[in-house]
Structures are given as structure tokens and as C-alpha cells.
Amino acid sequence: MTKYLVKRFIAMLITLWLIITLTFFLMHALPGSPFNEERSTSEAVQRNLEAHFNLDKPVPVQYIEYLKSVIQFDFGPSIKKSSQTVNELLGRGFPVSFELGLVTLTVAILSGITLGVLAALRHNGIIDYMAMTIAVLGISIPNFVFATLLIQQVAVNWELLPVATWKSWRHMVLPTLALATGPMAIIARLTRSSMLEVLTQDYILTAKAKGLTPAKIVLKHALKNALLPVVTVLGSLAAGILTGTFVIEKIFAIPGMGKYFVDSINNRDYPVIMGTTIFYSTLLIFLLFLVDVAYGLLDPRIKLHRKEAK
Amino acid sequence: MEAPKQQESKRASVMDEWFVPKKRILGEAETVIRPSVSYWKDAWRRLLKNKLAMVGLVCLILLIFMAIFGPIISPHSATHQVLQQQNLPPSSEHWFGTDELGRDVFARTWEGARISLFVGVVAALIDFIIGVTYGGIAGYKGGKLDHYMMRFVEILYGLPYLLVVILVSVVLEPGLFSIIFALSITGWVGMARMVRGQVLQIKNYEFVLASQTFGTKTSRIIRRNLLPNTMGPIIVQMTLTVPSAIFAEAFLSFLGIGIQPPLASWGSMASDALPVILSGDWWRLFFPAFFISLTMFSFNVLGDGLQDALDPKLRR
């Protein structure tokens with residue numbers, strides 16, 4: 001187990017290093033400098049600006065400097081929003097995005113599992129067809145399309161909920177709904193198919209023979225085993241929700257990290273793009289790592305050090 | 001309890017008539033009564049029975065047809081601006097209405113269909129070429145080479161797909177080919193993993209060994225012996241790659257780093273429609289939203305149907 005964890009951890013570090021390097025050199029491959037549009041700046045000002053942002057040194061030196069600061073979790077100053085560091089932006093935007101992401105993930109998991117279980121228990125019944133219709137639609141409709149449709153119908157035509165911003169729980173309903181539908185659909189489909197498989201197993205028959213209540217059979221014996229495949233996709237679902245926050249925060253004008261990220265892309269604010277990308281990647285890769293470990297712990301049949309034993 | 005007894009007595013009475021020796025006709029045993037059903041014929045037959053997948057297939061054919069002929073049958077061009085005809089609702093003149101620059105939404109919708117379908121199909125093809133080659137070599141060669149090739153794939157697999165796509169699209173000149181390039185950088189990884197797993201399984205079968213003893217070249221073994229037997233999962237994977245590529249393109253265009261104006265993409269049309277939905281101009285959003293969802297729906301249900309149809313375990 002420890003050996004496996006160490007191995008996985010090293011692989012994680014390599015992936016992170018790859019991302020930092022890739023991000024750094026991609027940003028430096030960009031044509032032009034971020035100060036190009038300010039034509040009024042004189043030669044001297046231009047040079048001072050470049051010195052301030054470390055842009056006057058040769059690229060390898062800049063790369064080493066950047067690596068050093070990233071290891072200390074310092075992403076440097078923003079170029080476009082003067083007197084603001086990337087860390088400050090992250091500190092301000094991330095809690096909002098984190099809230100949105102967490103609520104979305106919770107809603108998606110709970111409703112997805114419920115829908116999947118109901119569909120499996122009523123296999124080929126009306127509930128099953130309804131649940132699977134919702135699931136197929138949820139996978140097919142892009143989240144940003146769903147978000148705009150929600151604004152148009154619920155917020156503008158019916159005036160039930162506020163159109164944008166992030167203040168009370170009423171503001172949270174539409175963004176969460178728009179963001180959660182896709183992951184919910186995926187979870188529902190997975191839960192359904194693995195529930196259907198588990199329900200045919202012998203130990204379910206044993207549980208029935210023992211005279212357990214249906215609720216106990218489903219919740220304690222079937223669902224526990226059926227949820228394993230769901231755990232494996234949690235990492236990629238979190239990634240989907242995370243990238244989803246870019247568009248959702250843009251659409252609903254939520255002051256989160258995703259909105260800053262999109263703004264920084266449109267402004268070509270390199271330090272912010274780099275910092276956010278690295279921050280997000282670290283988060284996601286760490287999450288994938290956790291999911292892997294959790295999977296090993298949840299399923300006693302899977303021993304994490306199996307590969308070494310061979 | 002009574003049923004078996006009844007059957008037994010019945011059986012005894014008909015026993016003699018049942019067991020009359022059959023006249024032997026020379027050569028009859030060798031004739032094949034029914035034509036043998038090949039894997040692909042069988043899969044096709046099962047796909048035909050899957051109603052949802054058939055709906056997807058028909059929708060796709062219609063969408064492709066409209067992508068080809070939509071811009072031709074439209075009386076207006078997708079980029080022609082008529083400033084007197086801004087934001088008109090759908091009418092007999094402009095079937096899907098017009099946008100804020102007086103451009104015909106019908107023509108733009110089908111121009112967008114061309115771009116979406118093109119991006120999806122080309123991205124899937126590139127994934128296919130790179131993924132199958134990489135996965136095929138890694139799986140067939142095995143050993144150290146496989147180990148290192150797969151470590152590399154694992155590292156790429158850890159990269160968040162859309163973040164990489166965004167990053168690359170920011171750096172490259174925005175446009176159709178940048179998007180496809182960005183989508184292909186990490187897109188092939190899933191295909192490579194799948195093909196490798198399949199090849200690893202099949203390469204131990206006797207017919208591969210037979211081929212090897214004849215001295216067949218490695219590339220030929222991979223192409224002629226291994227790949228045809230993994231074609232089922234490969235096709236399913238490709239069908240499911242297309243909607244994710246279409247989604248990624250629309251996502252980028254929606255953020256403004258994808259397809260650039262005056263070209264139309266469903267993503268950028270939805271993005272442009274965002275400010276005007278408050279004023280009730282529903283058609284600006286509805287048509288691109290509807291058709292992108294329909295396209296993704298069709299590919300998804302067709303992919304699911306193919307998955308069931310091509311699964312040899314479900315073959316009867």
C-alpha cells in the first residue's frame with residue numbers, strides 16, 4: 001500500500017511538473033507582449049515594466065524563477081489588474097467557486113444515485129424510462145445551453161428566480177441546476193446499470209431469503225456494492241464541474257475563479273492564466289489521486305499493491 | 001406434481017412414432033441450411049432493433065443532409081448583413097429569424113452544423129489514427145516498451161482535458177484547425193488505453209501465433225489480425241468521441257476562443273444570443289441550442305446502441 005502510494009505520488013508530481021512546464025512555454029510562445037496595446041508607453045517605461053514582471057531575463061532563467069515561486073505557491077502579480085497578485089485573485093474567487101462546485105457535486109451525487117436506484121428497482125417501468133430520458137437529455141444538452149435556457153424560461157419569462165449574481169440561496173438555484181444536470185445524468189446511468197447487475201447476485205437472494213426488508217436489502221446490500229463504479233468516475237466528474245464553472249460563472253456573472261479565468265484569457269493576462277491553470281490542475285490531479293485511494297479502500301477485493309505482488 | 005406424470009404417459013404413447021430412423025441422403029449433412037451470420041451482420045440486426053439508436057441514426061442522417069444542403073437551399077447567406085432587418089422573429093422570409101446584424105439565423109444554423117460535425121468527425125479520426133497506432137504497438141510489443149509508453153499515457157491522462165484545450169487555443173491563432181489540434185493533443189489517450197487492453201488480450205490467441213510462425217511482419221499482424229478483432233470497441237469509442245469534441249468546440253466558441261466571426265458556430269451563436277434573451281428574442285438562442293443538443297443526443301444514443309450491438313457477450 002505504502003509503496004503504491006509513493007509511486008502514485010511521484011507520478012502525480014511528474015504530471016504537475018509537466019503542466020507547469022507546458023503552461024510556461026505555451027504562454028511564452030505567444031506572439032507579442034501583454035503590453036503591446038498600450039502604445040503610449042515610452043521605450044523606458046516598456047523596459048521598466050518588463051523588468052518588473054521578470055520579462056527581460058532569458059527564458060530559461062525566467063522558467064527556473066517561476067518554478068521556484070510556484071513551489072512556494074506564489075503565482076506572481078497580475079499584469080492587467082495592477083497592484084493585484086494572482087494569489088489575491090485566487091483567494092477571492094476560489095471560495096465562491098468552491099461553494100458552487102461543492103453544492104453542485106452534492107446535488108449531482110444525491111439526485112443521480114436516487115434516480116439510478118429508482119430506475120433499477122422499476123426496471124423497464126415508467127420510472128425507469130423517465131429517469132433514463134432525463135439522463136440522456138442531461139448528457140446531450142451542454143451545460144451552457146441549459147443555463148441560458150433556464151435564464152430565459154425561469155428567470156425572464158416566469159420571473160421565479162433572479163437572473164444573475166451570487167448573493168442568497170435563490171441565486172444559487174439556477175447555476176447549480178445548470179451545472180449539476182450533466183454529472184447527475186452520468187451518475188444515474190452508472191448507478192442504474194450497476195444496480196441491475198448487483199440485484200441479480202446470489203447474496204441478494206440470500207438477503208431476501210433471510211426475510212430482510214426491501215429497504216434494507218437495497219440500501220445495505222445492493223447499493224453499497226453498486227456504488228463502486230460511481231466512485232471511479234467522481235474524479236472526472238469533478239473535472240467536468242470545474243471546467244463547467246468557467247461558463248456558468250460567466251453566464252450568471254458569479255464573481256468566482258472561473259469568471260476571472262475567462263477574463264484573464266480574453267485579456268491575455270499571462271500570470272493569471274498560468275496561475276489558475278496550475279492551481280486547477282493541482283486540485284484535479286490531487287482529487288484523482290484521492291479517488292484512486294478511496295476506491296482501493298472501499299473495495300476489499302482490490303489490493304492497491306496487487307501489481308507488486310505479481 | 002401432476003404435470004410430469006401426464007407428460008410421461010403421453011410420451012410413452014407417441015414414443016414409437018417419434019423414433020423412426022431417418023432416411024439418409026448422401027451429402028445432406030454437409031449442406032448449410034442458413035447463411036452464416038457474420039459478426040457485423042448480427043450487430044447490424046441488433047442495432048436495427050434498438051429503437052432509440054435508430055432515432056439517433058435517422059436524426060444524424062437528417063442533420064448531415066441539412067448541413068450539406070441547408071446553406072444551399074437558404075435564400076440568404078450566413079454572413080450577409082442587412083442592417084434594416086435586425087432581430088426579426090421567424091417568418092416566411094427568414095425561417096429561423098435574424099440576429100442583431102441582420103444575418104439569417106437559418107443559414108447560420110446550418111453553417112454551424114457543418115463546423116460542429118466537421119470538428120467532431122475529424123477529431124474522432126485523429127484520435128483513431130494516433131490512439132490505434134500507439135495502443136496497438138504498446139499492447140503488441142509488451143514488456144518494457146509497453147511499460148514506458150503507458151507511463152507516458154498515464155501522465156497525459158492526468159491532464160485536465162478542457163484546460164489543456166483552452167490553453168492551446170489561447171496560444172494558437174483562433175480558428176477551426178487550432179481547435180482540432182487542441183482537441184487531438186490529449187484526446188487520443190483514451191483510445192490508446194482501450195486498444196492496448198484489447199490487443200493485450202487477443203495477441204495470445206492461436207491464430208496470432210499461427211501468423212507469427214509464418215513470419216508475418218509485426219505491422220501486418222497488428223493491421224490484419226489484431227485490429228479487425230478490436231474494431232467493435234474502437235467504433236463505439238469513436239462514436240462517443242464525436243459528441244465530446246462537438247461539446248468542446250461549442251464550449252470554446254461560447255467562451256470566445258473558438259470559431260471567430262464572421263464564421264458561425266452553434267457555441268458562438270448561443271453566446272451571442274445571451275444578451276438578447278432578456279428582451280424575449282427566443283429564436284436567437286433556441287435554434288443553435290436545439291440543434292447542438294439534438295446532435296449530441298443522436299451521437300450519444302447511437303454510441304450506446306452500438307456498444308450493445310457490438311458486444312460479443314450479448315450475441316445470441
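Of the 310 residues in chain A, 35% count as buried. This is a predicted model, and chain A comes out with 13 helices and 0 strands.

**Fold of chain A**
- Read from the N terminus, chain A runs α-α-α-α-α-α-α-α-α-α-α-α-α.

**The largest nonpolar core**
- The largest nonpolar core holds 151 residues.
- Which residues have the most contacts inside this core? They are B:Val165, B:Phe251 and B:Ala270.
- Helix α11 of chain B, residues 282-310, gives the most to this core, supplying 16 residues.
- B:Ala270 is worth a look in the viewer: beyond its neighbours within four places in sequence, B:Ala270 is in contact with A:Phe144, A:Val145 and A:Thr148 from chain A.
- From chain B, the partners of B:Ala270 are B:Phe254, B:Leu285, B:Pro288 and B:Ala289.
- As background, nonpolar side chains in soluble globular proteins tend to be buried together.

**Where chain B touches chain A**
- The contact draws on 36 residues from chain A and 32 residues from chain B.
- On the side of chain B that touches chain A, at least two residues each come from α5 (143-158), α6 (161-171), α9 (218-255) and α11 of chain B.
- Which element gives the most to this side of chain B? It is α11(B), with 9 residues.
- By class, the side of chain B that touches chain A has 27 nonpolar residues, 4 polar and 1 charged.

**A helix pair across the two chains**
- Helix α5 of chain A (residues 126-140) and α11(B) have axes that come within 8 Å and cross at roughly 120°.
- The crossing in which α5(A) passes α11(B) is right-handed.
- On the α5(A) side, the contact is made by A:Val136, A:Ile139 and A:Ser140.
- On the α11(B) side, the contact is made by B:Ser293, B:Met296, B:Phe297, B:Asn300 and B:Val301.
- Sorted by class, the residues of this contact of α5(A) with α11(B) are 5 nonpolar, 3 polar and no charged.

Conventions. Residues are numbered from 1 along each chain as its sequence is written. Chains are lettered from A and ligands numbered from 1 in the order in which they are written. This is a predicted model: local features need pLDDT of at least 70, side-chain atom pairs count only at pLDDT 80 or more; totals for chains, interfaces and linings use all residues. Helices (H or I, at least four residues) and strands (E, at least two) are DSSP runs, numbered from the N terminus. A residue is buried if 20 or more other C-beta atoms lie within 10 Å of its own, exposed if 12 or fewer, and partly exposed in between; C-beta atoms are placed from the backbone. A nonpolar core is a set of buried Ala, Val, Leu, Ile, Met, Phe, Trp, Tyr and Cys residues joined through C-beta atoms within 7 Å. Two residues are in contact if their C-beta atoms, placed from the backbone, lie within 7 Å. Ala, Val, Leu, Ile, Met, Phe, Trp, Tyr, Cys and Pro count as nonpolar, Asp, Glu, Lys and Arg as charged, and the others, Gly among them, as polar. Axes are lines fitted to C-alpha atoms, for helices over the stretch in contact, and angles run from 0 to 180 degrees between N-to-C directions. A crossing is left-handed if the near helix is turned anticlockwise from the far one by less than a right angle, and right-handed if clockwise.
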